[in-house]
Structures are given as C-alpha cells and as structure tokens.
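Hi everyone, thanks for making time this morning. Let me put the model up on the screen, and then we can walk through it together.

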Amino acid sequence: MTVNKIVSAHDVGTIMNPLTHQEQIEDGQISTLSLGDYKLPTVNDIPELVTVLLEPGPGPAPYQSKGIGESSNIPVAAAIANAVADVAGVRITDLPVTAEKVFAGLKR
C-alpha cells in the first residue's frame, strides 16, 4: 500500500513561528508514516502533504497560542490501519502495520 497524500487540519490559536509550526506538523506526519517499517523515509517515500490551519479562537498558552506537538502524528498510523482494513478487510490493531500482519489476517 502506498500513501499518496496526507491532508490534515489543525485547530491552532495564534501561530508564533509559522516555519517551525509547519515543520512540527510535517515532521510528525513523516515520522509516523515510517512506522510501517521503522526506516527513515527518503524524499521518494514522502507523500504530498497538505495542511489546513484553523484559527477558530484563542488558545490557553501565551499570546493565545495552542500546542501543535503530537497532534500531527497521532492520526496518521490510525488512518493507514483504517485504509488497510477498508481495502483488505483485515484490522491491524498494533504497530507497525506490516505485510506479514495483513497476510496473517487474510488467512484467518
């Protein structure tokens, strides 16, 4: 399975540093994407990344900001596992999602 595109939306407050904010999102997505085989991804492994930033209201941190830390990497692995379940009918509930686990699930 190949992930071709990741679209993510983030509820943010005031963005203090736009460059590092976006880097935090992309780095989290890329590192989580590589959990399938625990290798460092190369440019050929990275899908198109699209980020939508929502600024609906003030945040609890200084200058009305909100944290972006782990919010970018939490949903990626679950989305990949759900895609595998949708395509193959096999639910993988632990990481990494591997071909061996999918094959074992297909044999059941």
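Lysine 101 and aspartate 94 join their side chains in a salt bridge, at 3.2 Å from N to O; the term means a side-chain nitrogen of Lys or Arg within 4 Å of a carboxyl oxygen of Asp or Glu. A search of the whole structure finds one salt bridge. Lysine 101 is partly exposed at 23% relative accessibility, and aspartate 94 is partly exposed too, at 43%. For those labels, buried is under 20% relative accessible area, exposed is over 50%, and partly exposed lies in between, with a 1.4 Å probe and protein chains only.

A word on what you're seeing: this is a predicted model, where local features need pLDDT of at least 70, side-chain atom pairs count only at pLDDT 80 or more, and totals for chains, interfaces and linings use all residues. Residues are numbered from 1 along each chain as its sequence is written, and side-chain values use heavy atoms, leaving out hydrogens and water. The chain averages a pLDDT (the predictor's confidence in each residue, from 0 to 100) of 81, and 88% of the residues score at least 70.

Now, serine 8: buried or exposed? Serine 8 is buried, at 12% relative accessibility. Its side chain makes a polar contact with the side chain of histidine 10 at 2.9 Å; here that is a pair of N or O atoms within 3.5 Å, one able to donate a hydrogen and the other to accept it, and residues adjacent in sequence count only if both atoms are side-chain atoms.
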